[in-house]
Amino acid sequence: AGYVLLLAVGPKLMENVKPFALRETMVIYNLYQSALNAAMVVGLVAGPVLRGWPFWGRHMASGTPAIQGFMIWCHYNNKFVEYADTVFIIMRKKTAQLNFLHMWHHFLMGWAWFAVVHNACGGEAWWGSGWNSFVHVVMYLYYGLRALNVSVPWKRAVTQLQLVQFVLVAIQSVYLFFLEFQGIATYPTWLTALQLAVMVNMFVMFWSFSKRAYSGKKGAPATKKDQ
């Protein structure tokens, strides 16, 4: 509700106000996000790797390393910190970047990860949160360097990496359904279905954005926001 209110009221409050520069703030924020997400990748990957567990299909009875559950919880909470992306766009009056993809992506992710944390904060959820955190390491590093006026030719690569993420996590969902068909319970069925639905939805929207943004253009805008 707070996010919807921000989207509705924020631009109106800025109508008669000069755009804020926020350069230093965005440098700190983006580099912080990149470092935080890197720490989450390490915490999420370390659990199964150090224990020699398979990436997918580990039975729920095997348990979840405490660090892994904690990092999934941190990943969920960070979805609300990421609302700062929208705040920066509004304060800088870059309303062209406030498109439906940006708004829907931020709104949906908070609810999707709430469902995970509230019902099954561990197990197979590490794969999706791990990939999302890795993508955010690259994405926020890109924005941080851009805010420092460093030339980084990663615009299109950021979008492509996001699309790869959606495909890899969707494949995991299909594999978990396959295991369930065989009578192997690895994760709540409805959460697997939710993950697959979110990945398909995000892939279609980001693919559509990519076709529009990069069709016949060199150096088109970055996927989320061009700081």
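**Notebook: cavities, rings and a salt bridge**

I began with the largest cavity and noted that helix H5 (100–119), helix H6 (125–147), helix H7 (155–181) and helix H8 (189–214) each supply at least two residues of its lining. The model I am reading is a predicted one.

**Entry 1. The cavities**

I looked up how many cavities of 30 Å³ or more the whole structure holds, and the search returned four. For the largest cavity I recorded about 260 Å³ of space. I then asked which helix gives the most to the lining of the largest cavity. It is H8, with seven residues.

I listed the lining next. It comprises 22 residues, and Trp113, Val116, Val169, Gln195 and Met199 are those nearest the centre of the largest cavity. Sorted by class, the lining of this cavity has 14 nonpolar residues, seven polar residues and one charged residue.

**Entry 2. Aromatic pairs**

Phenylalanine 100 counts as exposed because its relative accessibility is 54%, and exposed requires over 50%. Tryptophan 104 has a relative accessibility of 27%, so it counts as partly exposed.

The pair of tyrosine 142 and tyrosine 143 came next. I noted an edge-to-face arrangement, 5.3 Å centre to centre with 65 degrees between the planes. Are these tyrosines buried or exposed? Tyrosine 142 is buried, at 0% relative accessibility. Tyrosine 143 is likewise buried, with a relative accessible area of 0%.

I then traced how ring pairs connect. They link Trp56, Trp126, Trp127, Trp131, Phe134, Tyr175 and Phe178 into a cluster.

**Entry 3. The salt bridge**

I recalled that side chains of opposite charge can pair when their charged atoms come close.

The partners are lysine 79 and glutamate 82, whose side chains meet at 3.6 Å, N to O. This pair qualifies because the nitrogen-to-oxygen distance has to be within 4 Å. I looked up the burial of both partners as well, and lysine 79 and glutamate 82 are both buried.

Terms used. Residues numbered from 1 in each chain as written. Predicted model: local features only at pLDDT ≥ 70, side-chain atom pairs only at ≥ 80, totals over all residues. Heavy atoms only, no water. 1 Å grid on protein atoms, 1.4 Å probe; cavity = no way out; pocket = protein on both sides within 12 Å on 5 of 7 lines; lining within 4 Å. Points joined across faces, edges and corners; volume = space filled by probe spheres on them. Helix = DSSP H or I, 4+ residues; strand = E, 2+ residues; numbered from the N terminus. Nonpolar A, V, L, I, M, F, W, Y, C, P; charged D, E, K, R; others polar. Buried < 20%, exposed > 50% of the residue type's maximum accessible area, 1.4 Å probe, protein only. Phe/Tyr/Trp six-rings, centres within 6.5 Å; stacked < 30°, edge-to-face > 60°.
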